Amino acid sequence: PGVASKTSLLLATRHEQGALAACLNVLASHGLSLTKLQSRPRPGSPFEYLFYLDFEGAVGDPSVDEAIVELRARTSSLMVLGSYPSAAGRRGERLAEAFTGGDAPAAAVPRQGPGKNVLDAVARGEDRADTIVQIGADVRLGGAETVVFAGPTLVESREQIREVARVVKDAGAQVLWGGCFEPRASGYFVEGRGFDALAMLEEAGREIGLPIATEVARPGDVGKVARRVDLLVVSERHVHDRALLDAVGQVDKPVLLKRGAMASVDEWLAAAEHIAAKGKASVVLCERGVRTMGPGERRTLDLSVIPQLRETTHLPIVVDPTSAVGVRRRIAPLCAAAVAAGAHGLLLDVHPDPANALGGGEQALTFDMFRALMRSL
């Protein structure tokens, strides 16, 4: 009593319309907050599912006991797996006091100031140095050297990606980037060629001696893509896709997490925490512009977030000015500003013939522009 708790149930609904909704309504009617819901096929019973539920409250609380009685009447089977202490948010501080006499675990205590909701896996902490993320055998991101990721929005052909790989390496890029899987913003745009494009990217990277990076969009593809690349990229469209974040966090490859166009810093860092909490993946943050009201811009590149993140998190920070501004002639000054503000790396679109690119042509740097940019940096 007095300790914030959760209860876990395993239940099976009848095969009828609205059966699960009726069960959830029981919890709502008793004021119980659902915190987790997962389904699994029921072995040996086609079209029937087992549902795993977590909700706030403990067996012995009147509202919980009454809800369980009602749920038994609405389900074909129900098992109470148990109740246990919950160390979430501010309730975690009271829990820690109850069990440890006041020595709260660091991850349970909300932090103050910018990024105040950052938890222990991504927070700077008192004495925590910058994390260095290893990409491939030789690239180290997070130190004094600016790491440049370069390549095309879409991998179009074997010849295209091999030519890009040679040029960007000669100019000083350390990681070969290429789009393979990401769906485009409009159905009128050409989409990635999937695993065929990945094979071309992998071949070009290995041939030229650069680690490779590409985006992954579906949880089921994560394992297959991770075996073939050196860095996984989660795009802005998937920053709130918890199933995908779970999946990339469980593979032993670094993950570059792009900020959503409408995501606050705390939401972005919460997604990074979700990945890091799985314990396997190293996380890299990527700023690529937020939605504002400027009439002559695609996005506003939020350079102010770089020093803020340097204070609140130990994770490396990469900036993608290409996607933010969307116009190639405006990219170079934003790259210089990002590096000056403290970014650890840059992500740039490069194409041999931007005018005829299948995707992202208006924002892609020509080879000559990329060489000049690298010299200036």
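Predicted model: local features only at pLDDT ≥ 70, side-chain atom pairs only at ≥ 80, totals over all residues.
Reader: Is Cys335 buried or exposed?

Author: A residue is called buried under 20% relative accessible area. Cys335 has 0% relative accessibility, so Cys335 counts as buried. Cys23, at 1%, also counts as buried.

Reader: How many disulfides does the structure hold?

Author: The structure holds zero disulfides.

Reader: Which residues of helix H1 are buried?

Author: For a helix, begin with the turn. An α-helix has 3.6 residues a turn, so residues three or four places apart point the same way. In H1 (residues 19–29), the buried residues are Ala19, Cys23, Val26 and Leu27. They cover an arc of only 95° around the axis, which puts them on the same side of H1. Asn25, Ala28 and Ser29, on the other side of H1, are exposed.

Reader: What covers the buried residues of H1?

Author: The cover includes strands E1, E2, E3 and E4, together with helix H2. After H1 comes Gly31, with a positive phi near 70°.

Reader: In what order do the strands of the open sheet run?

Author: Strands of a sheet pair through backbone hydrogen bonds, either parallel or antiparallel. Here the open sheet has four strands in the order E2-E3-E1-E4, with antiparallel pairing. Its edge strands are E2 (34–41) and E4 (75–85), each of which pairs on one side only. From one strand to the next, the twist averages 15°.

Reader: How many bridges join E1 to E4?

Author: Nine bridges join E1 (residues 5–13) to E4, and the two run antiparallel. Helix H2 (residues 62–74) lies across E1, E3 (49–56) and E4, and runs at about 155° to E4.

Reader: Which strands form the closed barrel?

Author: The barrel has eight strands, running E7-E8-E9-E10-E11-E12-E13-E14, and the pairing is parallel. Its twist averages 25° from one strand to the next. Helix H8 (residues 265–276) packs on this sheet, where H8 touches E11 (255–258) and E12 (283–287). The direction of H8 makes about 160° with that of E12.

Reader: Which residues of E9 lie on each side of the strand?

Author: In E9 (residues 212–215), Ile212 and Thr214 are on one side, and Ala213 and Glu215 are on the other. All of these are buried, so both faces of the strand are covered.

Reader: How many salt bridges does a search of the whole structure find?

Author: Side chains of opposite charge can pair when their charged atoms come close. The search finds 15 salt bridges. One of them joins Glu203 to Arg158, where the closest N and O atoms are 2.7 Å apart. Glu203 lies in helix H5 (residues 195–208) and Arg158 in helix H4 (residues 158–171), so the pair ties together parts that are 45 residues apart in sequence. Both partners count as partly exposed: Glu203 at 29% relative accessibility and Arg158 at 36%.

Reader: Where in the chain are Lys278 and Asp246?

Author: Their side chains meet in a salt bridge at 3.2 Å, N to O. Lys278 sits in the loop between H8 and E12, and Asp246 in helix H7 (residues 242–249), 32 residues apart. Lys278, at 37% relative accessibility, counts as partly exposed. Asp246 is partly exposed as well, with a relative accessible area of 23%.

Reader: Arg371 and Asp368 also meet in a salt bridge. By about how many helical turns are they separated?

Author: They are three residues apart in helix H12 (residues 367–376), and therefore separated by about one helical turn. Arg371 counts as partly exposed at 33% relative accessibility, whereas Asp368 counts as exposed at 56%. Elsewhere, salt bridges that share partners join Arg124, Asp130 and Arg310 into one network.

Reader: Where is Gly125 found?

Author: Gly125 is in the loop between helix H3 (91–100) and strand E5 (133–135). At 38% relative accessibility, Gly125 counts as partly exposed. Its C-alpha atom is separated by 7.9 Å from that of Thr313, a residue 188 residues away along the chain.

Terms used. Residues numbered from 1 in each chain as written. Heavy atoms only, no water. Disulfide = S-S within 2.5 Å. Buried < 20%, exposed > 50% of the residue type's maximum accessible area, 1.4 Å probe, protein only. Pairing = 2+ DSSP bridges. Axes fitted to C-alpha atoms, helices over the stretch in contact; angles between N-to-C directions. Contact = heavy atoms within 4.5 Å. Arc of directions from axis to C-beta. Salt bridge = Lys/Arg side-chain N within 4 Å of Asp/Glu carboxyl O.
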